[in-house]
Amino acid sequence: MVRLRIILLLAVLSLSLPLMGQKYENLGRTPQMGWNSWNKFASNINENLIKETADLMASKGLLDAGYVYLNLDDCWHGERDSLGFISENGEKFPSGMKALGEYIHSKGLKFGIYSDAGCKTCGGHTGSLGHEYQDAVTYARWGVDYLKYDWCNTKDINPIGAYKLMRDALRFAGRPVFFSICEWGDNKPWLWAQEVGHSWRTTGDIFSCFDCIKDYGTWKSYGVLQILDKQEGLRKYAGPGHWNDPDMLEVGNGMSVNEDRAHFTMWCMLAAPLILGNDLATMSQQTLDIITNKEVIAIDQDSLGVQGFRAASSDGLEFWLKPLAGKEWAFCILNRSTDDKSCTIDWNRFNLKDSLSGMSTSFDKISYKVRDLWVKANAGTTDGNRTVIVRGHDVLLYRLCEGSAKSSVSINVPLHQGWLWYGAQKPEIKAVVYNNSDKPVVEELRLDLATDKREDIGKFVKRVKVAPHDSSEVMFGFGVKPGFYRVRLSASDGWEKRFNIGYEPERIVSPVDAQPDLREFWDKAKSDLSKIAPDYSLTLLEDKSTDKRKVYMVKMLSLDSVVISGYYVTPVKPGKYPALIGYMGYGSKPWCPDPDSNPGFVEFVLSVRGQALNEPDNKYGDWIRWNLQDRDKYYYRGAYMDLVRAVDFVASRREVDTLHIFAEGGSQGGAFTLAACALDHRICAAAPFIPFLSDFPDYFRIVHWPAEPVFAEQKRLGLSDEGLYKTLSYFDIKNLAGWIKAPILMAFGLQDDVCPPHTNFAGYNQITSQKSFICYPLKGHDVESDWWQKRMEFFSKFLNK
Ligand code: GLA
């Protein structure tokens, strides 16, 4: 029997001779994808782990995303039998490899295995040296589809010969096997392995670190950036059926989410094999989201099969491009540093021809659509520069697609022009039309003007003739009443830009609609509050405190005996300090002041009832519509009294200079700041921004939220419009603003669609105390970062008095 087997083997061998010298073609036309046991489990592998991994690859969408190979790495081996045939370790794999292969195949996956060209594997198990044909035949019998072939213990062996020998053995065995050469780049396999295997390792082993090297004396392992740098100059050797392999993925093995994302992205830019190496049973949703982002995977798997390249680098940022099929490109910015970095992408800087693919970016002639692959959203076109922020150790990845010839005309609305106009000034909008072609062009520009409630009030059309390679300015001027306006500027070739402008915001009339008993209503609320003893309790938060300021969690009782909380920060050094009360945005997450900023202040950030720190006990639903039918039970009656209670707390503290209590907040916090100033004159000055909760009847006509949930509740309660707006009038900032005595500095975003500027001014224009405002023309529901400095300068003026 034994002799018969050997004779048969030799007979088949001789019959197969003409086929030798060929690897299996048609495998790995795109870089291989799968999972391998080594990076996470090393020698701790067994049948159950592999079967469970097979189940998870199918059930978690990995197979669907393209991960088809399930590969066992080192340490599956048993001994050779008396004839030299290899077997599995029977304790780890009691059902045998053939059964395991069948299980893997039953899930729609392919089965991969590992061996070594030397006498022993790197883990000290039986290698294939001298048994190449026997092993190849055994693998075929087990149903193996993939072989990773390592290079330990190969002294005096010729690498090209050794890998060709195994290639021939696999061919002889007759089952198509993907041949993954793992020789660590020691013998420059990119120069000789194209005919031998389907991929070759280019470096030593990876380990789970973004930017490190581990030195073991005789060998080293490398972090993501180190491996990336070792790929320099190798792209020309890779292509369909023969890939550079910068080693397996470490995504989900301990790096931060942004590092994992950057690692995965760069491997895709390199058209690298995507072989996962994490524990699929315990991985986080974030890990799964990274490894199954199909649009990112498509960059790796692109049918053109051309590796990306570093096109430029500066200040720790690298700019990579990868040519894709269909004349598209992947564009990636890698931030190698740990600092977040802002940069302006000037596409023309990347005007280049890639000699390997023969493709040109032609950003000067072609306009690409930009798709942000991690944000999963369309992001405009490559017309014009764009400024982006790339987080530390993170990436930005765009697909530049559907390139179309750039229009011969480009239009710019200079952003430094006016945005708010006063008195005799008429709003004027300037557009500049550039002719990029060799012929004169005539362009028709149209400006549509509407109120912020979207009522059309004017349409202006202008034609302009522009000489070749020249530009012309077009001016639109018009007279309007005080208010905020929506501008839509468009051109005959489809270009358009939308933005808001304003004229005389302080003269916008938003009549107050207060009920005659507004004052009694709030006096009663304050009197009810004064009957509740606050019972302040302070708990020191050691982990948040520093040697400069201590942080406490404060709890206290407010109206209706509701417990409310906040973070209180006070300087360690005894003394009297001004206080800054911060009121929070609608449904904002709990926020604690930085104990190292504002060292000369006491700070208190209040969470009103049901929100932020109090959210675990929230019984008010989505707050704004809680008990809308009854002004005495409406959510904001209690919440506004919480604002006063915060002032009570701060004023009760020995370390607070009670003549200098300031208040601030944005959005709902902006409204709270104004309401607190109206209801409590202990506040010395306040800086609200983008304030909410004002001018309800107009507000609800301009934007959908929170009008829709409020209207739904109105319907459910059967309230008339009059009833609804009557309740809300007690809480409307514009009705309370006349009571404010403190000086106010307000900021607003001109492009704000959440709390439109018109509603900010409804309250602001009722204030009779000293007041001023800052307009941030390009901001929506937000302020520019200089606001924090400006509001501090404003508060400081009162301290120096
Ligand atoms: C080498 C390889 C690794 C892994 C181990 C197994 O180090 O480069 O990828 O296969 O051997 O021992």
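1. Leu400 in strand S22 is the bridge partner of Trp329. Leu400 is also the bridge partner of Val370. Helices (H or I, at least four residues) and strands (E, at least two) are DSSP runs, numbered from the N terminus. This is a predicted model, in which local features need pLDDT of at least 70 and side-chain atom pairs count only at pLDDT 80 or more, while totals for chains, interfaces and linings use all residues. Residues are numbered from 1 along each chain as its sequence is written, and side-chain values use heavy atoms, with hydrogens and water left out.

2. Two strands pair if DSSP finds at least two bridges between them. Strand S15 (residues 328-335) pairs with strand S22 (residues 395-405) in the antiparallel sense, over six bridges. Strand S19 (residues 366-372) also runs antiparallel to S22, and six bridges join them.

3. Look next at Gly384. This residue lies in the loop between strand S20 (377-381) and strand S21 (386-390). Gly384 is partly exposed, because its relative accessibility is 43%. The cut-offs are these: buried means under 20% relative accessible area, exposed over 50%, and partly exposed in between (1.4 Å probe, protein chains only).

4. Cys122 and Cys152 form a disulfide, with sulfur atoms 2.1 Å apart. The torsion about their S-S bond is about 100°, so this disulfide is right-handed. Cys122 sits in the loop between strand S5 (110-116) and helix H6 (132-142), and Cys152 in the loop between strand S6 (146-150) and helix H7 (159-173), so the pair ties together parts 30 residues apart in sequence. Cys122 is partly exposed, at 39%. Cys152 is buried, at 18%.

5. Cys209 and Cys212 also form a disulfide, their sulfur atoms 1.6 Å apart. Cys209 is buried, with a relative accessible area of 17%. Cys212 is partly exposed, at 22%. With the bonded cysteines numbered in sequence order, the pairing reads 1-2, 3-4. Cys119 is in no disulfide; the nearest cysteine sulfur belongs to Cys152, 10 Å away. Cys119 is partly exposed, at 44% relative accessibility. Cys677 is in no disulfide either, and the nearest cysteine sulfur, that of Cys684, is 9.6 Å away. Cys677 is buried, at 1%.

6. On to the rings. Rings of Phe, Tyr and Trp (its six-membered ring) pair if their centres lie within 6.5 Å; planes under 30 degrees apart count as stacked, over 60 as edge-to-face and the rest as tilted. The structure holds 65 aromatic pairs. In one of them, Phe319 and Phe350 have ring centres 5.4 Å apart and planes at 40°, so the pair is tilted. Both Phe319 and Phe350 are buried. Phe521 and Tyr730 form a tilted pair too, at 4.7 Å centre to centre and 50° between the planes. This pair links distant parts of the chain, 209 residues apart. Both Phe521 and Tyr730 are buried. They belong to one aromatic cluster, whose members include Trp522, Tyr583 and Phe731.

7. Finally, charges over rings. A charge sits over a ring if NZ of Lys or CZ of Arg is within 6 Å of the ring centre and within 35 degrees of the ring normal. The charged end of Arg349 sits over the ring of Phe319, 5.1 Å from its centre. Lys51 lies over the face of Tyr103, at 5.0 Å from the ring centre.

How values were computed:
A disulfide is a pair of cysteine sulfur atoms within 2.5 Å.
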